[in-house]
Structures are given as C-alpha cells and as structure tokens.
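Have the sequence and the model open side by side. Follow each stop below with your eye on both.

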Amino acid sequence: MDFRELEERLVAFRDVRNWAKYHTPKNLAISAAVELGELLEHFQWGSDGEILEAVKDPAKREAIADEIADVVIYLTLLAHELDIDLDEAVERKLEKNGEKYPAKKY
Ligand SMILES: [Mg+2]
C-alpha cells in the first residue's frame, strides 16, 4: 500500500463516520503527537537492550506496532487536510537528505 492508497482508505473510513469536522490540521497534528507519546510510553525507562528484548513478546510487539500505526494514520490525515502529496514529500525529502548527507562523506 502506498501513501495515496492509505490516504484514500483513511478518508473513506472517517467520512463514513462523519468525523471530518474534527479533522482540522491542528487537531490532527496534536493527535499525532499524542499517539507518539503513547508509543514512547513503551520505551520509557527501559534501556535499548531491555526494549529490544521486550518486543520479542508478540503482544508487546503488536501494542507498539499499533501506536506506530496510529502516528502514521494521523500524519497521513494531516497531509490530506493540507493537500500534501506524501509520496512526493517523502521522495523529495529523501533527495534533500542525500544532498545534505552525501554517502561519500560518511
Ligand atoms: Mg494509540
């Protein structure tokens, strides 16, 4: 699934529930940050090794995946509201990163 397909599915999901009225850019940006906080709760206080060990547990792994998905969902809806093409935006940013951090230099 590319970003365009994901966007279409998410917009259809929310429109059939009449949630578009809540999906202002500000609300979606806040919601993405809240979901990122929920993701960080899984990592709070744990060492890198403890976290990598914890995600071997399928339930824990799924809970973390759910939070990552929530962040992606809200950011995709935010891009939709701002009429930003995520496929283009990510491609363009990767090109910028490649110019800023050339592989030869690192
Ligand atoms: Mg969540």
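Where does Trp45 lie? Trp45 sits in the loop between α2 and α3 (48-54). Helices here are DSSP runs of H or I with at least four residues, and strands are E runs of at least two, numbered from the N terminus.

This is a predicted model, where local features need pLDDT of at least 70, side-chain atom pairs count only at pLDDT 80 or more, and totals for chains, interfaces and linings use all residues. Residues are numbered from 1 along each chain as its sequence is written, and side-chain values use heavy atoms, with hydrogens and water left out.

**Two loop residues**

Trp45 is not a glycine, yet its phi is positive, about 75°. Asp83 belongs to the loop between α4 and α5. Its phi is near 55°, again a positive value in a residue other than glycine. How open are these residues? Buried means under 20% relative accessible area, exposed means over 50%, and partly exposed is in between (1.4 Å probe, protein chains only). Trp45 counts as exposed at 78% relative accessibility. Asp83 counts as exposed at 72%.

Glu38 is partly exposed, at 29% relative accessible area. Glu67 is buried, at 14%.

An α-helix has 3.6 residues a turn, so residues three or four places apart point the same way.

**The largest pocket**

Rolling a probe the size of a water molecule over the atoms shows where empty space is left. The search uses a 1 Å grid over the protein atoms alone. A pocket is an open set of points with protein on both sides within 12 Å along at least five of seven lines, and lining residues have an atom within 4 Å of a point. Grid points are joined across faces, edges and corners, and a volume is the space filled by probe spheres set on the points.

The largest pocket has a volume of about 160 Å³. Its lining is Leu10, Phe13, Arg14, Trp19, Tyr22, His23, Ile73, Tyr74 and Leu77. Helices α1 (3-16) and α4 each supply at least two of the lining residues. By class, the lining has 7 nonpolar, 1 polar and 1 charged residues. Ala, Val, Leu, Ile, Met, Phe, Trp, Tyr, Cys and Pro count as nonpolar, Asp, Glu, Lys and Arg as charged, and the others, Gly among them, as polar.

Look at His23 in that lining. His23 is found in the loop between α1 and α2. It counts as buried, at 11% relative accessibility. Its side chain makes a polar contact with the side chain of Arg14 (3.1 Å). A polar contact is a pair of N or O atoms within 3.5 Å; within protein, one must be able to donate a hydrogen and the other to accept it, and residues adjacent in sequence count only if both atoms are side-chain atoms.

Leu10, in helix α1, is buried at 13% relative accessible area.

**Pairs across the chain**

| Pair | Apart in sequence | C-alpha distance |
|---|---|---|
| Leu10 and Tyr74 | 64 residues | 9.3 Å |
| Ala29 and Leu77 | 48 residues | 9.3 Å |
| Ile68 and Leu40 | 28 residues | 9.9 Å |

Ala29 is in helix α2 and is partly exposed at 36%. Ile68 lies in helix α4 and is partly exposed at 42%.

**Helix α5**

Helix α5 (residues 86-100) has 15 residues. It reaches 20 Å from its first C-alpha to its last, close to the 21 Å expected at 1.5 Å a residue. The expected span is 1.5 Å times one less than the number of residues. At the start of α5, a side-chain oxygen of Asp85 comes to within 3.0 Å of the backbone nitrogen of Asp87.

Conventions. 1 Å grid on protein atoms, 1.4 Å probe; cavity = no way out; pocket = protein on both sides within 12 Å on 5 of 7 lines; lining within 4 Å.
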